Amino acid sequence: MIAFVVRRLLISIPLLVVVSVVVFLLMSLTPGDPAALMLGPDATQESIAALRTQMGLDRPLAEQYVLFLVNLAQGDLGRSFVTHLPVGGELLRAWPATFQIAVVAMIIALAIGLPLGAITAIRRGSWVDQVTRIAVLVGISMPIFWSGLLLIYFFAVQLGWLPTSGTGTPAHLILPAVSLSTFSIAVVLRLTRSSMIEVLQEDYVRTARSKGLREWVVVVRHALMNALIPVVTIVGLQFGQLLSGAAITETVFNWPGMGRLVVTAVFARDYPMIRGAILLIAATFIIVNLIVDVLYAVLDPRIRYA
Amino acid sequence: MREFWRRFSADRGALVGLAIVTVIVLVALLAPLIAPYDPTAQALELRRAGPSSAHPFGMDELGRDILSRLMYGAGNTLTAGLLTVSIGIVIGVPLGLIAGYYGGLLEAITMRAMDAMLAFPAFILAIVIVAVLEPSLQNAAIAIGISQIPSFTRLVRASTLAARHQDYVLGAVSVGSRSRRIIARHVLPNVLPPIVVFTTISLASSILSVAGLSFLGLGAQPPASEWGLMLRSGREYIREAPQMTIVPGVAIMLVVLAFNLVGDGLRDSLDARLRRS
């Protein structure tokens, strides 16, 4: 088990390095001089040149990358072009907000997707299955910015039950998390259903039935537990989907997280902020997938020895 | 082919999807002829007016007819979607074929590069690419297209690997056919069905993503008629003029739903390996 975790960790490190190279190059190839952007339109040629030297922009690209890595290792991601505050601090303030709605959305997706997926697999072809199939198709076809706006319209504007946007109370969390979860509910449900249908045809389920075990014991202990194994992998990938969706959901609901930070930074051409945010999002995604893979190995011993 | 059509047309959902796609394509092509108004003409006295017999979907914040903007927007949405998947296909498919057929170092480099791209959540990657390219509908489509390359590459590589070890390919290798000929004549026809299915489903998700970028202001720019952009301005007036939000949202959902239905139908009738349970 430890060998598996170590091996998996070792794969993640080169991935993080490649990610840092990609992010670095993307931002270096961007048209426009960061020093000029940072100083604004009134800056003189001399002050721009001085700042370029200070920022190390006059050195070769490889040297700049090494400098970037050294600073990164010290937690220094540079300063925002807009607020002139350290990027690291701003990211640390925004990250928990995004992580919070992503986790709540994931919990909602699992709480609805798993049981409904299992039920529709057991009652295959029934009206529940038919209705759910349509709902799933609608769920994956609905733009999350639109479902977010509709939720605001009905629950905040029309009924006045929940706040339209912002943060502060748990009530503020409900609409963004629900809107963010729609796509993931559909994906989790679909996969649980197909995985469950497959498992229900396995010999060990038939054996359990023929032993005279009660139906719910067969379904939950023997079938569902095995059906969950492939669902676990999708949770990691869906987390990436949630981080992506957060960019839109956070904008719709004025939620002060990473997604909105990236979008605002793109408009302001705030490159240090974009670079830092992207790195943090990619790192979060890689680490979540690492944890999911380890969890997968715990659940299914076959993976560890493969 | 007849066998394929028999199976496809037995799927009611797929037929509904195909019908919706056909209607939307026709609307997109005929928009200049059938749209009741100029999509940019403003009737200021009718700003944010609700639905009426003259304007069945109401007016937007500048007094433009929403139905006409919707019709013109169909073309933008479809071309952006097509541009997106073309990028995925043109770059992703050859990479997948080469990686899967030749293997070795070439495969290792290609697949690690794809892994690195997949380390970014796709939509976030697209946002960054737009940031580098400048926001526009075309660049939004290019950005989403680039972020889809890894999915195409992985799919094609997996199918190529499977075909590579089939007897007919091994046979072609043993009689000394050239690799390029084998790939074109024997491997490609076999990886085509999953590509077709995946392209249809990608078209659905691309349309969603491009509209999402426009909604954020990173895609189509005003005064273009584009559904995501229409939702962006609708958001400001959700209290006074909910039709500005509801109408383009339904349109996006319908077209995405239609491509998903067609994709599901194609999967069931075209590709035995991907068949859903």
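Predicted model: local features only at pLDDT ≥ 70, side-chain atom pairs only at ≥ 80, totals over all residues.
Figure 1. F123(B) counts as buried because 25 C-beta neighbours lie inside 10 Å, where 20 or more are required. The contacts of F123(B), leaving aside residues up to four places away in sequence, are S244(A) and A247(A) of chain A together with S209(B) and G212(B) of chain B. S147(B) is 24 residues from F123(B) in sequence, and the two C-alpha atoms are 7.4 Å apart in space.

**Figure 2. Overall view of chain B.** The secondary structure of chain B consists of 10 helices and zero strands, giving the pattern α-α-α-α-α-α-α-α-α-α along the sequence. Taken along the principal axes, the box filled by the C-alpha atoms of chain B is roughly 75 × 45 × 30 Å. Chain B has 277 residues, of which 49% count as buried. Among contacts in chain B with a separation of 6 or more, 70% are between residues 24 or more positions apart.

**Figure 3. Packing of helix 2 against helix 3 in chain B.** Two packed helices are described by the angle between their axes and the distance between the axes. For helix 2 (residues 12-34) and helix 3 (residues 66-102) of chain B, the angle is about 135° and the axes are 7 Å apart. Helix 2 and helix 3 of chain B are therefore oblique to each other, since angles over 145 degrees would be needed for a roughly antiparallel pair. The crossing of these two helices of chain B is left-handed. On the side of helix 2 of chain B, the residues involved are I24(B), V25(B), V27(B), A28(B), A31(B) and I34(B); they meet M71(B), Y72(B), A74(B), G75(B) and L78(B) in helix 3 of chain B.

**Figure 4. Helix 7 of chain A and its packing partners.** Helix 7 of chain A comprises 15 residues, 144-158, and reaches 20 Å from its first C-alpha to its last, close to the expected 21 Å. A kink of about 25° in this helix of chain A is centred on I152(A). I152(A) is also one of the buried residues of helix 7 of chain A, which include I144(A), F145(A), W146(A), S147(A), G148(A), L149(A) and L151(A). The buried residues of this helix pack against helix 8 (170-200) and helix 10 (215-253) of chain A, and against helix 8 (179-216), helix 9 (227-236) and helix 10 (243-270) of chain B. G160(A), with a positive phi near 70°, follows helix 7 of chain A.

Figure 5. Most residues other than glycine have a negative phi, and most peptide bonds are trans. H84(A), although not a glycine, has a positive phi of about 60°. H84(A) lies in the loop between helix 4 (61-73) and helix 5 of chain A, and is exposed because 8 other C-beta atoms lie within 10 Å. E134(B), also not a glycine, has a positive phi of about 85°. The loop between helix 5 and helix 6 (137-164) of chain B holds E134(B), which is exposed, with 11 other C-beta atoms within 10 Å. The peptide bond from P222(B) to P223(B) is cis, with omega near 5°, and P223(B) lies in the loop between helix 8 and helix 9 of chain B.

Terms used
Residues numbered from 1 in each chain as written. Chains lettered and ligands numbered in written order. Helix = DSSP H or I, 4+ residues; strand = E, 2+ residues; numbered from the N terminus. Expected span 1.5 Å × (residues − 1). Bend = angle between axes of the 7 residues up to and from the residue. Buried ≥ 20, exposed ≤ 12 C-beta atoms within 10 Å, placed from the backbone. Contact = placed C-beta atoms within 7 Å. Axes fitted to C-alpha atoms, helices over the stretch in contact; angles between N-to-C directions. Parallel < 35°, antiparallel > 145°, perpendicular 65-115°, else oblique. Left-handed = near helix turned anticlockwise from the far one by under 90°.
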